[in-house]
Amino acid sequence: MQEAAFFLRVGHLHPYFMSDSNTTDFINPSTFILLGIPGLEMAHVWISIPFFTMYIIAILGNVTILFIVKIEPNLHGPMYYFLCMLAVSDLVLSTSILSKMLAIFWFNSIEINFSACLTQMYFIHCFSVMVSGILMAMALDRYVAICHPLRHSTILTNPVVAKIGLAVVLHGGTLILPHPFLARRWPYCRTNIIPHTYCEHIAVVKLACADICVSSYYGLSVAFLVTGLDVFFIAVSYIQILRAIFSLPTKDARVKTFVTCGSHLCVILASYTPALFSFLTHRLGHNVALHFHIIIANVYLAVPPMVHPIIYGVRTKEIWDRLSSYLLTKGPKFSSWCSGFQSKLYAELTDEIVLRLLS
């Protein structure tokens, strides 16, 4: 009854989308309608401000990480290669979700092509799986670095790192590939309106007028197996790391060794904590308002790409030192160039204004 009332309200807002919705067969519909955050339409512009800020920080932070690792030969190692993979995944993930969300909030661009919707669905879920796999690979790197420090460079060679990276990409790409194919084959005869800011898998397939158990069970299986196995291997790695740390003779050595894992542990918490909170909210918060669910779903995807480069930029001494030295050497030149450009532009504008006044 509540669902019917909701769609009646939506039909009142968008009558041309809902006409004959009970008789029209949306088999492979040409477009879907993303409502944004239902119930908070008047606040969309204000809600966009923190998400836009997170997007800008995510882009600047992750591009900076990629740039620093590229120009600094000392950072060409396994941990930083995995960090670059994480930065690329964060850029794709944040762009996949936030670009369309901001278009909805700012320009009321609520329509999305059916194929574009399935593509967005694939990229969001695929790169979420990749991020989890990269975190597991980084845990493996920390395990080898601490438990087998003398063999670290011989175990995690560049070819081995490349194979791990390829395995992570194929792992995420193949596991999520059935999502859009299954979603495309369902007949959509209810409505093409999605009460969300992006094409989330279950939000899309729920619109189908067919038995979607295959999609639902497969989605849950992937979520539990991927996250469960990744978290399991991360936990096993850190159990071995802690055993190695506590076997060190002095407290000072134990602290210094553990600090090398601090950035990775913070990234793990920043990645899995919002996801866990979102999962518990969806499963247990049956009386929670729809708009709260949607905001939480967006936050758990938007926050980690913003936080990851901040954590590694601040806590990793090599990256921070290289960034600081680069800003100190290039900063004055850039400032001087900006000042000269501003003076030149001001002079040209002044001359143009004087010529117009004289004429």
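Predicted model: local features only at pLDDT ≥ 70, side-chain atom pairs only at ≥ 80, totals over all residues.
Me: Which residue forms a salt bridge with Asp252, and how far apart are the closest N and O atoms?

Reply: Side chains of opposite charge can pair when their charged atoms come close. Here Asp252 forms a salt bridge with Lys256, and their closest N and O atoms are 3.8 Å apart. Both residues belong to helix α11 (residues 251-259), where they are 4 residues apart, about one turn of the helix.

Me: How many salt bridges does the count come to?

Reply: The count is 2 salt bridges. One of them links Asp141 with Arg142, with 3.0 Å between the closest N and O atoms.

Me: Are Asp141 and Arg142 buried or exposed?

Reply: Asp141 is buried, and Arg142 is buried as well.

Me: In what order do the strands of the open sheet stand?

Reply: The order is β3-β2-β5, an open sheet of 3 strands with mixed pairing. Strands β3 (111-113) and β5 (193-194) are at the edges with a single partner strand each, so one side of each has no neighbour in the sheet. Helix α5 (residues 114-147) packs on this sheet and touches β2, β3 and β5. The direction of helix α5 makes about 85 degrees with that of β3.

Me: How many bridges join β2 to β5?

Reply: Strand β2 (residues 31-34) runs parallel to β5 and is joined to β5 by 2 bridges. Leu34 has Ile194 in β5 as its bridge partner.

Technical notes. Residues numbered from 1 in each chain as written. Heavy atoms only, no water. Pairing = 2+ DSSP bridges. Contact = heavy atoms within 4.5 Å. Axes fitted to C-alpha atoms, helices over the stretch in contact; angles between N-to-C directions. Salt bridge = Lys/Arg side-chain N within 4 Å of Asp/Glu carboxyl O. Buried < 20%, exposed > 50% of the residue type's maximum accessible area, 1.4 Å probe, protein only.
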